[in-house]
Amino acid sequence: MKIAVYGKGGIGKSTTSCNISIALARRGEKVLQIGCDPKHDSTFTLTGFLIPTIIDTLQSKDYHYEDIWSEDVIHKGYGGVDCVEAGGPPAGAGCGGYVVGETVKLLKELNAFYEYDIILFDVLGDVVCGGFAAPLNYADYCVIITDNGFDALFAANRITASIREKARTHPLRLAGLVGNRTSKRDLINKYVEACPMPVIEVLPLIEDIRISRVKGKTLFEMVGSEPSLNYVCEYYLDIADQILSQPEGIVPKEIPDRELFSLLSDLYLNPIDEGKHQNNKENLLGFTTI
């Protein structure tokens, strides 16, 4: 099974991806996580350091695939999760989709691409061009990471459009949304009511999820010294269980931009009471400047 994880830049995709990868490994799956970001930090919380990228390794070998070994590009992470970083083209030049394609090509050359039960692609930022959507060419399912804010849901809607387009030619389905670090879900609920899709899980608003990224550790590793975090790991295990159930998934249909603006601003512009108004104002703070 191949899973592509998407979401707004900075929403916590890599932290979520790493913890889902560990959860899948805890369920007995052989897992490979592929970071698809020029920052090559997707797997940082699994390995504790920035591993060499595939594109840098290829360049150092003058693209002689026969001179590259699995151990040059596949690194063992916490919990037995294997890790790969695709890297990216030079700033302002090239295409991220090309790098993803080269990564898959090399893994196939190494007979590694089909050795795993689960391959998880952690994809950078918003989908703004075909290159960013390249991992969807290989995925069975897409999981969208969001929060309860306008910008994240706007990005989720763009990703939804990309999934719909790719599903025309690929056996791709949306598994659902994962809400990351949010204490409210009113905007999420309103969005999925207008654009029907599953909500897999909503992770609680706890600082330790963010801190785990800074520490270079997954929540599962932090539990060793902080047992009180064990309940958070259960959220990721639940996500893993839902993925492993091989859900039917959906081919979603995005909402037109203007309708989305109107939909998500409604709670802000037409508050039900003062308490709800204040919370929605905070959630939609970025919207007031548009």
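This is a predicted model: local features need pLDDT of at least 70, side-chain atom pairs count only at pLDDT 80 or more; totals for chains, interfaces and linings use all residues.
Which residues does Cys95 touch, not counting residues up to four places away in sequence?

Residues are numbered from 1 along each chain as its sequence is written, and side-chain values use heavy atoms, with hydrogens and water left out.

**View 1. The largest pocket and its lining.** About 580 Å³ of space lies in this pocket, the volume being the space filled by probe spheres set on grid points that are joined across faces, edges and corners. A pocket is an open set of points on a 1 Å grid over the protein atoms alone, where a 1.4 Å probe fits and protein lies on both sides within 12 Å along at least five of seven lines; lining residues have an atom within 4 Å of a point. The lining of the largest pocket comprises 30 residues, and Gly10, Ile11, Gly12, Lys13 and Asn180 lie nearest its centre. Two or more lining residues come from each of H1, S5, helix H8 (207-215) and helix H12 (274-283), where helices (H or I, at least four residues) and strands (E, at least two) are DSSP runs numbered from the N terminus. By class, the lining holds five nonpolar, 14 polar and eleven charged residues; Ala, Val, Leu, Ile, Met, Phe, Trp, Tyr, Cys and Pro count as nonpolar, Asp, Glu, Lys and Arg as charged, and the others, Gly among them, as polar.

View 2. An unreviewed UniProt entry places the feature "binding site" at Gly10, Ile11, Gly12, Lys13, Ser14, Thr15, Lys39, Asn180 and Arg181. UniProt positions follow the numbering used here, feature names are shortened, and annotations may be inferred rather than shown by experiment. Gly10 sits in the loop between strand S1 (2-7) and helix H1 (13-26), and is exposed, with a relative accessible area of 81%.

**View 3. The surroundings of Asn180.** Asn180 belongs to the loop between strand S7 (173-179) and helix H7 (186-194), and is buried at a relative accessible area of 5%; buried means under 20%, exposed over 50% and partly exposed in between (1.4 Å probe, protein chains only). Leaving aside residues up to four places away in sequence, Asn180 touches Ile11, Gly12, Thr16, Ile145, Thr146, Asp147, Leu203 and Ile209, contact meaning heavy atoms within 4.5 Å. The side chain of Asn180 also reaches the backbone oxygen of Ile11 at 2.9 Å.

**View 4. Cys95 and Cys129 at the second largest pocket.** For "binding site", the unreviewed UniProt entry lists Cys95 and Cys129. These residues span 35 residues in sequence, yet no two of their C-alpha atoms are more than 9.5 Å apart, so they gather at one spot. The lining of the second largest pocket includes Cys95 and Cys129. Cys95, in the loop between strand S4 (82-85) and helix H5 (96-109), touches Pro89 and Gly131, not counting residues up to four places away in sequence. Cys95 is partly exposed, with a relative accessible area of 35%.

Methods: A polar contact is a pair of N or O atoms within 3.5 Å; within protein, one must be able to donate a hydrogen and the other to accept it, and residues adjacent in sequence count only if both atoms are side-chain atoms.
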